[in-house]
Amino acid sequence: MNILLIEDDIKLKKYISEYLQAYDYSVETIEDFDNVMDRVREVNPNLIILDINLPKFDGFYFLRLIRKIYTTPVIILSARSDEGEQIRGMELGADDYITKPFVVGILLAKINALLRRINEYKETEIDEYEINKSNDELSLIHESMKLKYKDVIVELTKNEYRLLNILIRKKGEIITREEMLEALWDDVSFVDDNTLTVNMTRVKKKLSDLGIENTIVTKRGVGYVFNKSNN
């Protein structure tokens, strides 16, 4: 697996690189922060570790650019521990957010868990035709992690895709918030519950923008249900 580490702290960059390489990950880094996106295209990584405090532009700027083109999983590293900054990172499409200082073993565990979840989703993809049968013209395009409704195709972040995938797979069933958190992050203690709310709100808005209302019903204090009807 190829990881792109976007970090300007030389000592930390060396430490993380050597640690992950010891666990058989190939780690590429960036020296020229004037050409970050060129490096992303060149490396075409399986996962990106992105620092927020960078020269020229901050990591949030590059996260926006990455999400316009790629669905590559992104883990943010940041000294900014404020809850608002963490939510901002998730809203922009990050898959996880680790605050500095951190234990590098936790970073490795999160990388392993994130890549494992992606592989598991690929192995358990639902046939698109079956989704269309159950939900009229609403479908997930698994290869590119996009949402299709009629002739409109909408980009999804990794988390939005995962949420819709589990909701559609278990349509008509109540899925608890704990199940949703586990599907996204494995360990519910690693993430604030508000982050799930933020991501679910974004999913509902994307459905609403397509003219699909009341498909996801919130069961207050319990979880969510994906209805068969789009009306």
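Among contacts in the chain between residues at least 6 apart in sequence, those joining residues at least 24 apart make up 60%. Keep in mind that this is a predicted model. The chain is built from nine helices and eleven strands. Out of its 231 residues, 49% count as buried.

**How some helices pack**

Let's start with α2, α3 and α4. Helix α2 covers residues 36–43 and helix α3 covers residues 59–69. Helix α4 runs over residues 83–91. The two packed pairs look like this:

| Helix pair | Angle between axes | Distance between axes |
|---|---|---|
| α2 and α3 | about 40 degrees | 11 Å |
| α3 and α4 | about 20 degrees | 10 Å |

Take α2 and α3 to begin with. Their axes pack at an angle of about 40 degrees. That makes α2 oblique to α3, and the crossing of these two helices is right-handed. Who makes the contact? On the α2 side it is V36, M37 and R41, and on the α3 side F62, L65, I66 and I69. Sorted by class, this contact has six nonpolar residues, one charged residue and no polar ones.

Now for α3 and α4, which pack at an angle of about 20 degrees. Because angles under 35 degrees count as roughly parallel, α3 is roughly parallel to α4. Here the crossing is left-handed. From α3, the residues F60, L63 and R64 meet E85, R88 and G89 of α4. By class, the contact of α3 with α4 has two nonpolar, one polar and three charged residues.

**A helix tucked away**

How many of the twelve residues of α7 are buried? Eleven are, so α7 is largely enclosed by the rest of the structure. The buried ones are K158, N159, E160, Y161, R162, L163, L164, N165, I166, L167 and I168.

Helix α7 takes in residues 158–169, and at 1.5 Å a residue its twelve residues should span 16 Å. The C-alpha atoms at its ends are 16 Å apart, which agrees.

R162 is 17 residues from M145 in sequence, and their C-alpha atoms are 9.0 Å apart in space.

Next up is D95, in the loop between α4 and β5 (96–99). Is D95 buried or exposed? It is buried, with a relative accessible area of 0%. From D95 to K110 is 15 residues in sequence and 9.9 Å in space, C-alpha to C-alpha.

Then there's G223, which belongs to strand β11 (residues 223–226). With a relative accessible area of 3%, G223 is buried as well. Leaving out residues up to four places away in sequence, G223 touches I175, T176, R177, V217 and T218. G223 and E178 are 45 residues apart in sequence, while their C-alpha atoms are 8.1 Å apart.

Most residues other than glycine have a negative phi, and most peptide bonds are trans.

With that in mind, look at K56. K56 is not a glycine, yet it has a positive phi of about 70 degrees. You'll find K56 in the loop between β3 (47–51) and α3. At 60% relative accessibility, K56 counts as exposed.

N214 is another residue other than glycine with a positive phi, this one near 60 degrees. N214 is in the loop between α9 (193–209) and β10 (216–219). Its relative accessibility is 55%, so N214 counts as exposed.

And where is the cis peptide bond from K100 to P101? P101 lies in the loop between β5 and α5 (104–123). The omega of that cis bond is near -5 degrees.

Definitions and conventions
Residues numbered from 1 in each chain as written. Predicted model: local features only at pLDDT ≥ 70, side-chain atom pairs only at ≥ 80, totals over all residues. Heavy atoms only, no water. Helix = DSSP H or I, 4+ residues; strand = E, 2+ residues; numbered from the N terminus. Expected span 1.5 Å × (residues − 1). Buried < 20%, exposed > 50% of the residue type's maximum accessible area, 1.4 Å probe, protein only. Axes fitted to C-alpha atoms, helices over the stretch in contact; angles between N-to-C directions. Parallel < 35°, antiparallel > 145°, perpendicular 65-115°, else oblique. Left-handed = near helix turned anticlockwise from the far one by under 90°. Contact = heavy atoms within 4.5 Å. Nonpolar A, V, L, I, M, F, W, Y, C, P; charged D, E, K, R; others polar.
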